[in-house]
Amino acid sequence: MSKELIHLNNISKSFDGQMVLDELNLTIHENEFVTLLGPSGCGKTTTLRILGGFATPDTGSVIFDGQDITKLPPNLRPLNTVFQKYALFTHMNIAENIAFGLKIRKKSKDYIADKIRYALKLVNLEGYENRMPDSLSGGQQQRIAIARAIVNEPKVLLLDEPLGALDLKLRQEMQYELIRMKNELGITFVYVTHDQEEALTMSDTIVVMNQGYIQQIGSPESIYNEPENAFVADFIGDSNIISATMIEDKLVNILGTRFTCVDTGFGHNKPVDVVIRPEDVELTAPKEGILQGVVSHLIFKGVHYEMEVMAGGFEWLVHSTALHPVGQEVGIRIDPYNIQIMNKPESEDEEAVAIDI
Amino acid sequence: MRNAAKKIYITLIFLFLYAPIGTLMVLSFNASRTRAKWGGFTFKWYVELFQNDDILRALGNTLLIALVSSITAAFIGTIACIAMNGMKKRTRTIMMGVTNIPMLNADIVTGISLMLLFISFGFRFGLGTILLSHITFNIPYVILSVMPRMKQLNPSTYEAALDLGASPVTAFFKVVFPDLLPGILSGFLMAFTMSLDDFIITHFTKGAGVDTLSTKIYTEVRKGIKPEMYALSTIIFATVLVLLILVNLSPENRSEKIFKEN
């Protein structure tokens, strides 16, 4: 991994006696796309505001490139922010908006003109110099907000739910745009979102947060495939989370039935949580399955069918391209690699919180 | 039929509302000295009005006080809004309530209390005391017109300016102030209007020998009504009317919203 750029050191922050961040430690590397992911109130925006200088931590320090910038005001920090609601200056045209930071730094007219042209090209809005922000669509305004931030050549771009206000199609388009821009600019992106799909699509590293704590840090693949606790499993995509007992290494008792798995080191007869993704539950003829059950619900989702199967006293969520009508008896089989074993939460803070997105 | 009835009704309303002022305006162009008969159209009273030094001095005072007091009030009011915006919601609500009281308070009470205050502090009555009183009763109008603008501000724009390297002062003047400006302007115009047509408070806080137009008219009328006074009243009415139209035409029809909110 490349060089460390930002280090958040034991950051705690509370508002009106309510703890928002509790001794948070986080390292961000150069040229990394880091996403802070979590439900509202998990502390992700506060973390970003502490990075940007808009909030001061109660304890702890922010180290940037080896320097302590905890007390540095936002206007002196070498990073720029793209705000959730764009925050364009409505009384200035697009060119003036983009030039704002450069004019403050007293850059030459030619330099500013070049930069405006470059930035508008980067965000695919060439020729918009003289338009007013109000006359642009939400997606275009968002692009301008990005252009306005990047012309200052920040080492880090902070993005606070920048796609939150856009419709689905535009959001997906912008996700690809953001990845392209990041690669072209070669700078670090710190991205805040509550949308797990956005996080999985764009990030190099995802930091899953809940109630002021970091739940898991890892690549999108590891977060999705190997969630460390029930909260992460539940927050990232649909999943079946079942209480189970680890009989011994590579053998787990789920709902009274023994399944082989690949996890080791949990001990003997230890209560655990098991995560099985709905697409990893294979439906077979009743006799071929390890568990037998009956299909209780069926919804067509486009790419696949979503079914609920009552088996072993648990309602399994199953995604499959094969149709099994309601009432049909089926067997359930799970590949040992697709059974993810997790320790039971030790504290309240780690406990799974049901969230609907 | 119903439409016709509606039109007649509204005509009657406007007739009752504006007949007195209409009469005054008509009489101001009446060449005859008595009110009883129409002696032909004339600008004579307007000409005489502008040859009367006392009245011109009163006009000068009025404009000076209106201008200085409304600019000062706009300044103080805007600063007050910035401060109140930073307060917790509870404190802000209380503060808003407190600033609203002087507007609802009877003018005569405000006038007499200001007079007593000036006496107890040993102020010399004159232009200065009128100016202070006008600033006092004008500030709430500015706050009332700037505060809604303040609340509409996207707090991120200020932060965005800081983020782009602006110091807090630069950020305020480049980004926040332009957004507040329409509110400040309409507050200023409203304060100007209020100051222009105030009589009661001025009456209690002016010294002997200093007059604004409204107090001048009052003294003149007590001595006996002269047609010049019709002309003067007409001019004041027209000026206030123009100012009110300006306030209402200012961006997004601010004043209307303000009155609805309260």
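Reader: Into which domains is chain B divided?

Author: Domain bounds come from an automatic or database domain assignment. Here that assignment divides chain B into domain 1 (1-42) and domain 2 (59-261). Before we go on: this is a predicted model, where local features need pLDDT of at least 70 and side-chain atom pairs count only at pLDDT 80 or more, while totals for chains, interfaces and linings use all residues. Residues are numbered from 1 along each chain as its sequence is written, and chains are lettered from A and ligands numbered from 1 in the order in which they are written.

Reader: How many residues does each domain of chain B give to the contact?

Author: Two residues are in contact if their C-beta atoms, placed from the backbone, lie within 7 Å. In chain B, domain 1 gives seven residues and domain 2 gives six residues. The C-alpha centres of these two domains of chain B are 32 Å apart.

Reader: How many helices and strands does chain B have?

Author: Helices (H or I, at least four residues) and strands (E, at least two) are DSSP runs, numbered from the N terminus. Chain B has 12 helices and zero strands. Its C-alpha atoms fill a box of roughly 70 × 65 × 30 Å along the principal axes.

Reader: And what does the secondary structure of chain A come to?

Author: For chain A you get eight helices and 20 strands. The C-alpha trace of chain A spans about 75 × 45 × 40 Å along its principal axes.

Reader: What order do the strands take in the open sheet of six strands?

Author: To read a sheet, look for pairs: two strands pair if DSSP finds at least two bridges between them. In chain A the order is E6-E7-E8-E3-E9-E10, with mixed pairing. E6 (79-82) and E10 (213-218) of chain A are at the edges with a single partner strand each, so one side of each has no neighbour in the sheet. Within the sheet, strand E3 (residues 33-37) and strand E9 (residues 205-210) of chain A run parallel, joined by four bridges. One place to look is Leu36(A), whose bridge partner in E9(A) is Val207(A).

Reader: Which helix packs on that sheet?

Author: Helix H4 (residues 138-150) of chain A does, touching E6 and strand E7 (156-160) of chain A. For directions, axes are lines fitted to C-alpha atoms, for helices over the stretch in contact, and angles run from 0 to 180 degrees between N-to-C directions. The direction of H4(A) makes about 170° with that of E6(A).

Reader: Is Leu51(A) buried or exposed?

Author: A residue is buried if 20 or more other C-beta atoms lie within 10 Å of its own, exposed if 12 or fewer, and partly exposed in between, with C-beta atoms placed from the backbone. Leu51(A) counts as buried because it has 26 C-beta neighbours inside 10 Å. Leu51(A) lies in helix H1 (residues 44-52) of chain A. Beyond its neighbours within four places in sequence, Leu51(A) is in contact with Ile6(A), Val62(A), Leu79(A), Leu158(A) and Val190(A). Take Leu51(A) and Val190(A): they are 139 residues apart along the chain, yet 9.4 Å separates their C-alpha atoms.

Reader: Where do the side chains point along strand E15 of chain A?

Author: They alternate along E15 (residues 281-284) of chain A. Four bridges join E15(A) to strand E19 (residues 329-334) of chain A, and the two run antiparallel.

Reader: Which residues touch the most other members of the largest nonpolar core?

Author: A nonpolar core is a set of buried Ala, Val, Leu, Ile, Met, Phe, Trp, Tyr and Cys residues joined through C-beta atoms within 7 Å. The largest has 101 residues, and those touching the most other members are Ala145(A), Ala147(A), Leu157(A), Val190(A), Val252(A) and Ile332(A). H4(A) gives the most to this core, with six residues. There's a second, separate core of 27 residues, including Val146(B) and Phe204(B).

Reader: Last one: how many residues of chain A are in contact with chain B?

Author: It's 16 residues of chain A, in contact with 15 residues of chain B. On the chain A side, H2(A) gives the most, with three residues.
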